[in-house]
Amino acid sequence: MDKEQKLPVCINFSGGRSSAVMTSILIDYLPKDETEYVIVFQNTGKEDEKTLEFIRDFAIHFKCEIVWLEYCPVNRFKIVDFETASRNGEPFKQIIQKRKFLPNVVARFCTGELKVKPCKAFMKSLGY
């Protein structure tokens, strides 16, 4: 692989223990000369405060950057951080207002709209 062309890797960090283990293994073992990784966390505004604290503390402990994303009805995503992250379900409420109905067994749009699409839009904004 050409040294200028690094393989982009998007690590989705959920804030859970198994996600933390996976992320720590990846940042330790990804070949740094061949890969360029971005760690992202997609906040729905419904996460427990302890989860948000764990994500913040993980980044400090492992000396890595975690990009905090939230759904944005205008730009598809916005970058937030521990201090500015929604804590009252704002992204979730915005997607319900857009869709005009609640997610349900037939229409499970939460993950796609609040996590997958914002992450894809963010990665595209970086040129990937």
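Predicted model: local features only at pLDDT ≥ 70, side-chain atom pairs only at ≥ 80, totals over all residues.

Isoleucine 27 is a residue of helix α1, and with a relative accessibility of 7% it counts as buried, because the limit for that class is under 20%.

**Isoleucine 27 and isoleucine 11**

- Apart from residues up to four places away in sequence, isoleucine 27 touches Ile11, Lys32, Tyr37, Ile39, Phe62 and Cys64.
- When neighbours within four places in sequence are left aside, isoleucine 11 is in contact with Met22, Thr23, Leu26, Ile27, Leu30, Tyr37, Val38, Ile39 and Val40.
- Leucine 30, which is among the contacts of isoleucine 11, lies 19 residues from it in sequence, with 11 Å between the two C-alpha atoms.
- Between isoleucine 27 and leucine 52, which are 25 residues apart along the chain, the C-alpha separation is 20 Å.

**Packing of α1 with α2**

- Helix α1, made up of residues 17–29, packs with helix α2, made up of residues 49–62, at an angle of about 25 degrees, and the two axes are 12 Å apart.
- Because angles under 35 degrees are classed as roughly parallel, this angle makes α1 roughly parallel to α2.
- The crossing of these two helices is right-handed, and the contact is formed by Ala20, Thr23, Ser24 and Ile27 on the α1 side and by Phe54, Phe58 and Phe62 on the α2 side.
- Sorted by class, the contact of α1 with α2 consists of 5 nonpolar and 2 polar residues, with no charged residues.

- In helix α3, which spans residues 90–99, the buried residues are Pro91, Ile95 and Ile96.
- Viewed down the axis of α3, these buried residues fall within an arc of 140 degrees, so they line one face of the helix.
- The cover over the buried residues of α3 includes strand β2 (35–43), strand β3 (66–70) and helix α4 (110–125).
- The axes of α3 and α4 come within 10 Å of each other and cross at roughly 120 degrees, and the two helices are therefore oblique to each other.
- This crossing of α3 and α4 is right-handed, and the residues making the contact are Pro91, Phe92, Ile95, Lys98 and Arg99 of α3 together with Cys110, Glu113 and Leu114 of α4.
- By class, the contact of α3 with α4 has 5 nonpolar and 3 charged residues, and no polar ones.
- Pro91 and Ile95 are each listed both among the buried residues of α3 and among the residues of α3 that make the contact with α4.

**Loops and positive phi values**

- Lysine 100 follows α3 and sits in the loop between α3 and α4, where its phi is near 70 degrees, a positive value in a residue other than glycine.
- With a relative accessible area of 73%, lysine 100 is exposed, because the limit for that class is over 50%.
- Lysine 63, in the loop between α2 and β3, likewise has a positive phi, near 50 degrees, although it is not a glycine, and with a relative accessible area of 76% this lysine is exposed.
- Proline 31 lies in the loop between α1 and β2 and, at 34% relative accessibility, counts as partly exposed.
- The C-alpha atoms of proline 31 and glycine 45 are 34 Å apart in space, while the two residues are 14 residues apart in sequence.

Notes
Residues numbered from 1 in each chain as written. Heavy atoms only, no water. Axes fitted to C-alpha atoms, helices over the stretch in contact; angles between N-to-C directions. Helix = DSSP H or I, 4+ residues; strand = E, 2+ residues; numbered from the N terminus. Parallel < 35°, antiparallel > 145°, perpendicular 65-115°, else oblique. Left-handed = near helix turned anticlockwise from the far one by under 90°. Contact = heavy atoms within 4.5 Å. Nonpolar A, V, L, I, M, F, W, Y, C, P; charged D, E, K, R; others polar. Buried < 20%, exposed > 50% of the residue type's maximum accessible area, 1.4 Å probe, protein only. Arc of directions from axis to C-beta.
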